[in-house]
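The following note sets out points for a colleague who is examining this model.

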Amino acid sequence: MAKKRIYEIAKELGITSRELLRLLKELGMEDLRAVSTVSEEDASAIKELLAEQVGKKGAVAAPSPKEAVAVEEKPTEAVAEKPEAEAEGKRGVPRPPVVAVLGHIDHGKTTLLDAIRKTNVAEREAGGITQSIGAYQVEYNGRLITFIDTPGHRAFTAMRARGAKVTDIAILVVAADDGVMAQTVEAINHIKAAKVPMIVAINKIDKPNANPDRVRQQLAELGFAPEEWGGDTIMVPISALKGEGIDELLEMILLVADLQDLRADPNGELEAWVIESNLDPKRGPLATVIVKNGTLRVQDVIVVGTAWGRVRALLDYQGKRIKEALPGTPAQVLGLNDVPQPGERVERVKNPREAERIVSERLEALKKPPERRRPSIEELLAAQEKKKLKLVLKAASVGALEAAQLELGTIQFDEVDIEIIHAGVGPINESDILLAAAVEEGEPLVVGFGVKVDPKAKKAIEQYGVPVRTYDVIYDLIKDIETAGKRLIGPKYLEEKVGEAEVLKTFKISGVGVVAGCRVTSGKVIRGGKVKVIRKGEEVFTGEIASLKHYTQDVQEMKEGQECGIRIKDFDKVKPGDILEVYEVKVIQPV
């Protein structure tokens with residue numbers, strides 16, 4: 001069935017994709033706001049429904065890039081009547097999307113970025129765009145797009161491993177003549193780990209042996225069916241060398257950005273991330289940052305990890321001095337006292353004294369091993385969520401990899417999911433460590449079957465603390481993964497009721513608190529046991545028996561028929577007539 005893209009419908013109506021999405025929301029067509037293409041029938045229905053409304057309002061011109069982030073969008077009368085539209089306005093104004101380009105080596109990432117730069121209608125200054133700062137902006141159809149010029153998916157994931165949430169959209173470049181390669185799959189896994197939308201640019205369609213459909217089929221087999229085949233993955237055929245399909249790719253970037261409704265508050269809290277840094281022999285430490293929210297200004301005092309300084313100068317992507325960097329903007333920062341790590345967050349503070357204090361505390365904390373707080377019984381009993389063990393698996397050959405995957409598939413736990421987030425052939429490399437370090441949900445583990453760890457990976461292991469194991473015997477690999485799963489499950493904690501006591505009187509003792517004079521009515525009462533206070537059939541408190549006395553003597557337990565004094569930890573509101581249900585918590589280790 002023929003399909004039509006949202007931006008094509010918008011063009012035919014003479015409005016922007018953003019305005020079309022807004023109108024769809026007004027008409028209650030929420031389901032169509034989450035897709036980038038619709039059927040021809042739906043397209044006709046949309047145009048009929050909107051033609052009259054758009055005619056009344058007139059064509060909506062796209063705001064200039066500066067207006068888009070500098071002022072609040074003014075809603076139309078129809079939108080202004082709706083309370084939810086006012087709420088949207090409070091969330092900020094639209095900002096430029098931040099885009100990263102990834103893919104297999106030699107599939108045309110650099111050529112694509114060059115082609116996009118040439119398409120930039122705003123580029124009129126002599127000398128072109130400075131590439132050294134690691135990011136640049138293009139203006140397309142009156143809107144800005146920020147591109148991160150990274151060396152590949154390793155740098156992309158290195159930032160994610162440090163918690164940096166810089167990228168909004170990832171472009172996966174796949175050559176139409178080569179198809180999906182090993183690094184293509186690796187890049188896909190890194191994009192999935194970052195949880196950002198992916199657009200596929202099928203490049204080199206000008207080559208005689210180009211086969212875009214083969215690329216679509218390969219990606220569909222990996223779970224990414226193209227929209228034209230009824231899936232939900234946007235795929236755009238391009239020739240970066242000849243400039244074909246670049247306009248459509250930029251249109252799709254803007255559409256995906258509109259579907260995400262990317263917004264920021266220029267006057268809000270500063271959120272900016274370092275994407276590149278170096279030490280310039282003349283200018284000192286330099287950091288390239290991208291602002292996601294708020295505004296970074298010259299003279300701001302900032303802290304970046306364990307570096308700090310007053311912003312002495314800001315340079316845009318063309319090397320020109322600017323006074324401020326708005327949301328979605330890349331800028332080079334001068335004035336730090338040290339070179340920060342890529343992926344560090346830029347924090348604005350009140351004054352240099354506060355900046356020095358924060359950095360001093362962080363440097364001191366780095367010297368100490370992290371403290372691990374033991375969870376309380378209540379936390380352990382409440383932790384019923386299924387845990388995840390996420391594996392990066394490398395093997396010496398395709399056959400060995402398949403055998404390991406097959407064996408790992410036989411391991412099953414009720415409380416733990418084992419998920420292979422990446423599997424490949426070859427030694428454990430830096431990229432594998434970075435991918436594991438970027439895991440947000442679950443416990444990462446890198447395992448190798450018949451392979452070694454390369455030198456760069458060893459440095460990354462030290463830096464990120466990712467557990468890595470290598471094996472020569474598959475039985476040992478499987479046995480250790482089973483053990484890891486059991487350890488992740490941890491022990492089970494079961495409550496077992498051991499007795500009850502009735503509160504007869506209460507005594508308030510200075511410096512101690514309230515002690516309940518009780519008679520054990522069944523079973524036994526134990527010091528340190530868990531206790532539930534029942535009043536008129538309802539539970540009013542759950543806690544722990546802090547002390548247990550027989551007259552003035554401390555005792556470990558009291559049995560049925562005996563009288564005793566009980567003090568409940570952090571609870572002084574116990575009353576005569578209350579029933580105290582006493583429990584033991586038993587620990588059951590996994591077998």
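1. A nonpolar core is here a set of buried Ala, Val, Leu, Ile, Met, Phe, Trp, Tyr and Cys residues joined through side-chain atoms within 4.5 Å. In this predicted model, the largest such core has 31 residues, and those with the most contacts inside it are Leu-112, Phe-147, Ile-171, Ile-199 and Ile-253. Two or more residues each come from strand 4 (98-103), helix 7 (109-119), strand 5 (135-140), strand 6 (143-148), strand 7 (169-175), strand 8 (198-203), strand 9 (234-237) and helix 11. The greatest contribution to this core is that of helix 11, with nine residues. A second, separate core comprises 22 residues, among them Val-503, Ile-526, Val-531 and Cys-564.

2. Why is helix 11 described as largely enclosed by the rest of the structure? Of its 15 residues, 11 are buried, and the helix is therefore largely enclosed. Helix 11 covers residues 246-260, and the distance from its first C-alpha to its last is 21 Å, close to the 21 Å expected at 1.5 Å a residue. Asp-261, which follows helix 11, has a positive phi, near 55°.

3. Neighbours within four places in sequence being left aside, Ile-253 is in contact with Pro-97, Val-99, Ile-145, Phe-147, Ile-169, Ile-171 and Ile-199. At the level of whole elements, helix 11 lies across strand 4, strand 5, strand 6, strand 7, strand 8 and strand 9, and runs at about 100° to strand 6.

4. These strands belong to an open sheet of six, in the order 5-6-4-7-8-9, with mixed pairing. Strand 5 and strand 9 are the edge strands, each pairing on one side only. On average, neighbouring strands are turned by 30° against each other, direction ignored. Strand 7 and strand 8 run parallel and are joined by six bridges; Ala-170 stands opposite Met-198 in strand 8. Helix 9 (residues 182-194) also packs on the sheet, where it touches strand 4, strand 7 and strand 8, and its direction makes about 170° with that of strand 7.

5. Thr-146 lies in strand 6. Is this residue buried or exposed? Thr-146 counts as buried because its relative accessibility is 0%. Residues up to four places away in sequence not being counted, Thr-146 touches Pro-96, Pro-97, Val-98, Val-99, Tyr-136, Gln-137, Ile-290, Gly-328 and Pro-330.

6. Another open sheet has four strands in the order 21-20-22-23, with parallel pairing. Strand 21 (416-425) and strand 23 (468-471) stand at its edges with a single partner strand each, so one side of each has no neighbour in the sheet. The twist averages 25° from one strand to the next. Strand 20 (residues 387-395) runs parallel to strand 21 and is joined to it by nine bridges. Lys-390 stands opposite Glu-419 in strand 21, and Leu-393 has Ala-423 as its bridge partner there. Strand 20 is mostly covered, with seven of its nine residues buried.

7. Gly-529 occupies the loop between strand 25 (513-526) and strand 26 (530-535). Its relative accessibility is 4%, so Gly-529 counts as buried. Beyond residues up to four places away in sequence, Gly-529 touches Gly-543, Glu-544, Ile-545 and Tyr-583.

8. How many helices and strands does the chain have? There are 17 helices and 31 strands. Of the 591 residues, 48% count as buried. Among contacts with a separation of 6 or more, 71% are between residues 24 or more positions apart.

9. The chain averages a pLDDT of 80, and 77% of the residues score at least 70. The pLDDT is below 50 over residues 71-90, a stretch with 24 contacts in the model beyond near neighbours in sequence. Residues 120-132 also have a pLDDT below 50, and that stretch has 24 such contacts. Where pLDDT is low, the predicted coordinates should not be read in detail.

Notes
Residues are numbered from 1 along each chain as its sequence is written. Side-chain values use heavy atoms; hydrogens and water are left out. The expected span of a helix is 1.5 Å times one less than its number of residues. Buried means under 20% relative accessible area, exposed over 50%, partly exposed in between (1.4 Å probe, protein chains only). Contact means heavy atoms within 4.5 Å. Two strands pair if DSSP finds at least two bridges between them. Axes are lines fitted to C-alpha atoms, for helices over the stretch in contact, and angles run from 0 to 180 degrees between N-to-C directions. pLDDT is the predictor's confidence in each residue, from 0 to 100.
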